Structure formats: C-alpha cells, structure tokens
Amino acid sequence: VMKLNPQQAPLYGDSVITVQLTEEDKVEDDVVFYLVFTGSTVQHCTSTRKINPGSLETISPGHDCCETVKVALCASREGHPVLVVAEENFQFVQDEAYDAAQFLATCAGNQQALNFTRFLDRSRPPAADVDFLDEKVALAFRHLKLPAEWNVLGADQSLTENIPRETLMHFAVRLGLLRLTWFLLQQPGGRGALSIHNNEGATPVSLALERGYQKLHQLLTEEGAREPDSWSTLSHTVHSGDYSVKHHRGLDVYLLTAEA
C-alpha cells in the first residue's frame, strides 16, 4: 500500500501530491515511477520525481467530473515489464475556488451579484490570501467549460458602452487579482470592459491606479504586457485529438490525459 497525501484534489488539478513508498518499494535508482489515475471517462498518467528514497512527488491532473478514481503506482525499469506495485483511491472534488469561478462566470452581467462582490471587498483579505485566491480561482476559471457565447460583460450585449455598471473586470481589479484579470482580458468582452465606468465613474484602469496596483495597471495598459507569473507559466499543455500532454516546469513532471 502506498500513502497519497492529500487523497483528494480540486477538479482543476495542479496541486502537489506526495507519495509515500513502503519499505519493499524503495528500490534501486534506475526504477521510474508513474501514477495512473483511472476515472469513468478519462485516464491520466503522471511522471513523478523522487524527493528521497521513500517518497515521490507529482502534480494532480485536472479531471472532468467529481468522482473517486483508482490510482495505480507503476514501476518501470529498462528491459523489464511495467509493474503495478500499489493501488489507492483518490477523490476529485469541487472546492470553494471552483464554486467561486462558477459563481463569477454565471454573474458576468448580474448587477446585484457584482454589487455583492463590492460589499465583500470592505473586509480586505491579507495579501497572501489574495495571491492564493487569485491563483486558485484563475485555475478553476480556466478549467470551466464556458459556453461559446460567454462574455465578460454578460449575455446582454445590447447594453451600450455608455451605461454605467459594475463588471467582472472591476471585481478582479478591485481585489488586485492579477491572474484572473489576465484570464478575463483574453476572453470575449475582456478588452471592452476596460473602458466601462461604474456608478462612481471608475473604470477598471482607474481603479488599478487609485489602489496603487502598478503591475495590474501595466497589465491593463501596456501593449505587449506579458502573462503574470502563475501556474500556467509554470506549466505548458499541448492538445492533440483525445490526448493532452502537460509539462509542469516547476517540478519537471509530465501529465498525459486521454479519453478512457
């Protein structure tokens, strides 16, 4: 039996999993370990890196639904067949960041909901929490299957630019969420949101200035602004048909996902 820590991960993946090996699995250096996650419709295979003789580290894959999956620890060695050395259950769950991303995606044009997010801002979370929130919600947003017609400004595109209103972009900028702001900028309506005034006459750009968020202001105003450092710059995904391969540069781990 191997020990996985933690034994669950959010649907959008990208969290670190540690694998504790049992005495008999601590073997020679030329053995390579993989984890295979088998879900009801997709299967993931991840490479691992050795932390010490008794433990490995890998990155949880993003999964397509909340469920408990089987994880097999496989060992491979040149000239030998691949062995399954241990099996364990693992759970993919919908966490608060995923709920938050879903809520925000649904409320893109909903003024009541967006005003509620302003009310939340009065209790400014500390910077470390903001960073954590930013990373997780941006990851979750990326993982959502947004409908083709989804727009940062909501479904009602007939609203002209001149109507003062809150937007998702105001929300992301007000809290200083760099990665979420970047994600929204790449979506339909993202750029258009930058020139929309709210009821106090603030645009996302003026909010960034007023709050002294220099990096964020650059992101919104500079032509060639680059993506802020985040998991997505740490990892690179290539899709091909039913397969996708992701390289997590931080841990130098590869994840292969295939339709089962």
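**Figure 1. Helix 5, covered along its length.** In this predicted model, helix 5 runs over residues 178-185 and is mostly covered. How many of its eight residues are buried? Eight of the eight are. They are Leu 178, Arg 179, Leu 180, Thr 181, Trp 182, Phe 183, Leu 184 and Leu 185. Notice that Arg 179 and Thr 181 are on that buried list too, along with Trp 182 and Phe 183.

**Figure 2. Helix 4, another enclosed helix.** Helix 4 takes in residues 168-175, and it is largely enclosed by the rest of the structure because eight of its eight residues are buried.

Figure 3. The protein is split into domain 1 (3-94 + 235-259) and domain 2 (96-226). Seven residues of domain 1 and eight residues of domain 2 take part in the contact. Together the two domains bury about 730 Å² between them, and carbon and sulfur atoms give 60% of that area. Which residues of domain 1 lose the most area to domain 2? They are Tyr 12, Asp 14 and Gln 94, and together they make up 77% of what the domain 1 side buries.

**Figure 4. Polar and charged details at the domain interface.** On the side of domain 1 that touches domain 2, you'll find two nonpolar, four polar and one charged residue. Between domain 1 and domain 2, four residue pairs are in polar contact. The salt bridge count across this interface is zero.

**Figure 5. Stepping back to the whole protein.** The protein has nine helices and twelve strands, and its C-alpha atoms fill a box of roughly 70 × 35 × 35 Å. The centres of domain 1 and domain 2 lie 34 Å apart. Of the 260 residues, 47% are buried. Take the contacts between residues at least 6 apart in sequence: 63% of them join residues at least 24 apart.

Notes
Residues are numbered from 1 along each chain as its sequence is written. This is a predicted model: local features need pLDDT of at least 70, side-chain atom pairs count only at pLDDT 80 or more; totals for chains, interfaces and linings use all residues. Side-chain values use heavy atoms; hydrogens and water are left out. Domain bounds come from an automatic or database domain assignment. Contact means heavy atoms within 4.5 Å. Buried area is the accessible area (1.4 Å probe) that two parts lose on being put together, summed over both. A salt bridge is a side-chain nitrogen of Lys or Arg within 4 Å of a carboxyl oxygen of Asp or Glu. A polar contact is a pair of N or O atoms within 3.5 Å; within protein, one must be able to donate a hydrogen and the other to accept it, and residues adjacent in sequence count only if both atoms are side-chain atoms. Ala, Val, Leu, Ile, Met, Phe, Trp, Tyr, Cys and Pro count as nonpolar, Asp, Glu, Lys and Arg as charged, and the others, Gly among them, as polar. Buried means under 20% relative accessible area, exposed over 50%, partly exposed in between (1.4 Å probe, protein chains only). Helices (H or I, at least four residues) and strands (E, at least two) are DSSP runs, numbered from the N terminus.
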